[in-house]
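Subject: Structure handover

Dear colleague,

Here is the structure for your files. My notes follow below it.

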Amino acid sequence: MTLHKLNALELDAKLIEAGFPATDVVGTVSPTGLYIRRTAWAKAMAESGGFYDIISPENPNGSYDYGLFQINSIHRADIGEAGWRNILNPTFNANLAWNWTDDGKHWGTWGLGMEGWAGSLYKSNPTAWQQIQAVFKAQYDAYPK
């Protein structure tokens, strides 16, 4: 199977299409002080490398992760079959991330910061938590704008 990759600027445009703010200015900064669209861009790059039709190998629990933001298949029922058919559409996948992060403000589900799953991971496995933060920061610093 041939995978399809968005370049840096194409990914940025898809994030805007999905609802992320077109300008990262005052008012579009998350509670952590990071720019919202830049955070989304970095997280998508860390998760998928910009490959929008990538599917992970099977996870230990039998699930798979899909698309730009590696949406886990355990959410299939929540998304619904009509939506699930679009899970590899980069705009649809990014829009799920937009909605699930409270308009780009809370990334704990993806291991960033100290909220939710990220906070639990920090307490249970600080080394793994630190690795996630480091990969994210490298991508955040590589943002093309």
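Strands (E, at least two residues) and helices (H or I, at least four) are DSSP runs, numbered from the N terminus. This is a predicted model, in which local features need pLDDT of at least 70 and side-chain atom pairs count only at pLDDT 80 or more, while totals for chains, interfaces and linings use all residues. Residues are numbered from 1 along each chain as its sequence is written, and side-chain values use heavy atoms, with hydrogens and water left out.

N72

N72 lies in strand β2 (residues 71-72). With a relative accessible area of 16%, N72 is buried (buried is under 20% relative accessible area, exposed over 50%, partly exposed in between; 1.4 Å probe, protein chains only). The N72 side chain makes polar contacts with the side chains of S63, at 3.0 Å, and D65, at 2.8 Å. A polar contact is a pair of N or O atoms within 3.5 Å; within protein, one must be able to donate a hydrogen and the other to accept it, and residues adjacent in sequence count only if both atoms are side-chain atoms. Leaving aside neighbours within four places in sequence, N72 is in contact (heavy atoms within 4.5 Å) with N59, S63, Y64, D65 and W84.

Helix α7

The buried residues of α7 (126-141) are A128, W129, Q133, F136 and Y140. Seen down the axis of α7, they fall within an arc of 140° and so line one face of the helix; the arc is that of the directions from the helix axis to the C-beta atoms. These buried residues pack against α2 (36-48) and α6 (116-124). T127 and Q131, on the other side of α7, are exposed.

Regards

Technical notes. Expected span 1.5 Å × (residues − 1).
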